[in-house]
Amino acid sequence: MSSLVNKLYKNNTIIYKVILFLLTTIAIVYLFPKGGQFKYDFSNGQLWKYDNLYAPFDFAIQKSEEEISTEKKEIETNAKLYFIFNSDVINEVKGAFNKRINTFQKSDSLSQEIVNKLKRIGLKTIDEIYKNGFLEVISQDRISNKNELISIRKDNIVEDIVFKNLYNSSEVLNIVKKNLGVEPYTDEQIQVLDILSEIIKPNVFYDADFTNKIIETEIKNISYTKGKVSSGELIILKGDIVQGKKLAILNSLKSESESKVWTDSNYNWIILGYTILVALALLMLLLFLKKYRIEIYNNNNTVTFIFFNVFSMIFIQTLVIKYNSDYLYIVPLSILPIILKAFFDARLGLFTHVLTILLLGYIVPDSFEFIYLHIIAGIVTILTVSELYKRANLFISVAQITLIYMVTYFAFSVIKEGNASQINLDYFILFAANGLLSFLAIILIYMYEKVFGLVSDVTLLELSNTNSKLLRELNEKAPGTFQHSMQVANLAEAAANEIGANSMLVRTGALYHDVGKIVNPMYFIENQTTGVNPHNDLSPRDSAKIITDHVIKGVEIAKKYNIPDRIIDFIRTHHGTSTTYFFYVKEKEQNPDMDVDIKKFKYQGPLPFSKETAILMMCDAAEAASKSIKKPTAQLISNLIDKITDKQMSDNQFLNSDITLKEIETIKKVIKKKLMNIYHLRVEYPE
């Protein structure tokens, strides 16, 4: 049992990676849309690059979205409008008229005969008005063509009439006046006119609910097919152009094939296929890290960070596709290489971006166009995005990325359509929105720094400010060490620029590499301004311990001030496993009969494990040693740098760093040149 626990503990990093790999694979496969894949890739306007295609089974030709949308619009445009004819209004109006006309009083000038006549005129007018119907005002503008047929619902009976046969307010008034006779009217006629004007009201109203119900019924009855292809029938010849009816048939075959493939019987097989493809892509990412980025591979935190970002991009893209595939290009996938380049390097950023795009190619429409467009955009991102701490750089880079999106889409559209008239301008708006969303990279970088403890160029810029709390304390307590750190930072930055390493990282690391000397500043020669050397009162072993302990103390102080681990690595490695040789020799001289343990005089390491940490080791040793030359000359400095570097190489101090001999020679040249400039020296030429 204990041996099993020991094995698990010993291999915990590998076990963690296996679990992370499996969980990420399962999560990505789960996100993939559950549908089969058509085995042919085609698009409008392209040549059919496969052999002659014959229908493998009977299937219907599906109408395109545009055709269905056009049919729906035609139904809505040409739909017959329905109106309600309210018969109760007629009875109400007649009752009101009889009640009012019966109030007329007989007089010498108004006989019963006249009253009856006026009553007959009024009722006749009412019947005439309501024979076809009196249309309400707000329904009069429903139809522009007055000769159009409409349907009138009278109780349970529907009849069609011409819209213009319905009366409006002005026509009703004319009917009333016509039936009353020729003007001028008598007082009694005027009273009848007033009564009719007050009591007559519309009885025909537009029935929106019933009209919409009829339209919806007709839309539901639309046929989504426009023909049939029989099994064995030729669909397209090799070399034909995919367009028109052939495109419609191929789209129908694709839809039918995918629905036939994705059945319960082969569900597990397709899931297995997806799993293999996703696992291969993620495995390639792990192998890349192990072969070319071993320090990242060995750190489970960074591996988790990379896998998390890959999954996040796929998750967001699949959500958009499920919601509405028209917004496919609004997802700012260029954020992935921006973030990875900010924290790691361009090569890893591009490799991860390409793998992510390939995975998304399974689930997006027009996969070739999608993959090509985003890979090109990713390359531009890697080439243009740099020095994020300079605000203008990101704006310029995002503008270039957006322009590349637009130009590439334009090229694809012209190839497909044969001209520029069919370009969908909405995509340009999506690309612009994509560019704006890319600025979220700055916020995400800040969040990732806090969550994963990573360091970006923006943070490096903040840390390299000499007014920061820790560097200010170093300047106050150990001013000589601070000046030494500044000189080393300048040397390291110049060397890093020369070989293409991260100059901002190595400069920041150089500023902090000796913060451990704050604890016992006077035990280091650069801080001894009085001429008194406290090492004279100590044994060589104790002196060596104080000197070597500045690395351990530096790590402790840096952690206390929340300095990121990526900077603390420079503190740990800047002496590697080298020896405090002066005190070792002194100990041997004082104890010639004893076997002196050299390990007591060595730094604990670890060795530098990157180009940047190797550069710092070389620059630190060179700058410190150069101070020992009393009368510096170009030749003395050159010989000193060669001697120091050769000693470091012979001690295998660069064994774990991915630095080449050519790069070491380049760094030596930079250090020599910079030190000569510091001491105002020139190369001595023979006479």
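Visitor: What is a salt bridge here?
Guide: A salt bridge is a side-chain nitrogen of Lys or Arg within 4 Å of a carboxyl oxygen of Asp or Glu. The model is predicted.

Visitor: How many salt bridges does the whole structure have?
Guide: The search finds 22.

Visitor: How far apart are N and O in the Lys63 and Glu71 salt bridge?
Guide: The N to O distance is 2.5 Å.

Visitor: Is Lys63 buried or exposed?
Guide: Lys63 is buried, at 17% relative accessible area. Glu71 is partly exposed, at 24%.

Visitor: What about Arg100, which residue does its side chain meet?
Guide: Glu198, in a salt bridge of 3.2 Å, N to O. Arg100 sits in helix 4 and Glu198 in helix 7, 98 residues apart, so this pair links distant parts of the chain. Arg100 is partly exposed at 32%, and Glu198 is exposed at 56%.

Visitor: Back to helix 4. How does it pack with helix 5?
Guide: The angle is about 165°, and the axes lie 11 Å apart. Angles over 145 degrees count as roughly antiparallel, so helix 4 and helix 5 are roughly antiparallel. The crossing is right-handed.

Visitor: New topic. What does Lys668 pair with?
Guide: Asp642, with the closest N and O atoms 3.2 Å apart. Lys668 is in helix 28 and Asp642 in helix 27. Lys668 is buried at 5%, while Asp642 is partly exposed at 22%.

Visitor: Which residues join them in one network?
Guide: Glu665 and Lys672, through salt bridges that share partners.

Methods
Residues numbered from 1 in each chain as written. Predicted model: local features only at pLDDT ≥ 70, side-chain atom pairs only at ≥ 80, totals over all residues. Heavy atoms only, no water. Axes fitted to C-alpha atoms, helices over the stretch in contact; angles between N-to-C directions. Helix = DSSP H or I, 4+ residues; strand = E, 2+ residues; numbered from the N terminus. Parallel < 35°, antiparallel > 145°, perpendicular 65-115°, else oblique. Left-handed = near helix turned anticlockwise from the far one by under 90°. Buried < 20%, exposed > 50% of the residue type's maximum accessible area, 1.4 Å probe, protein only.
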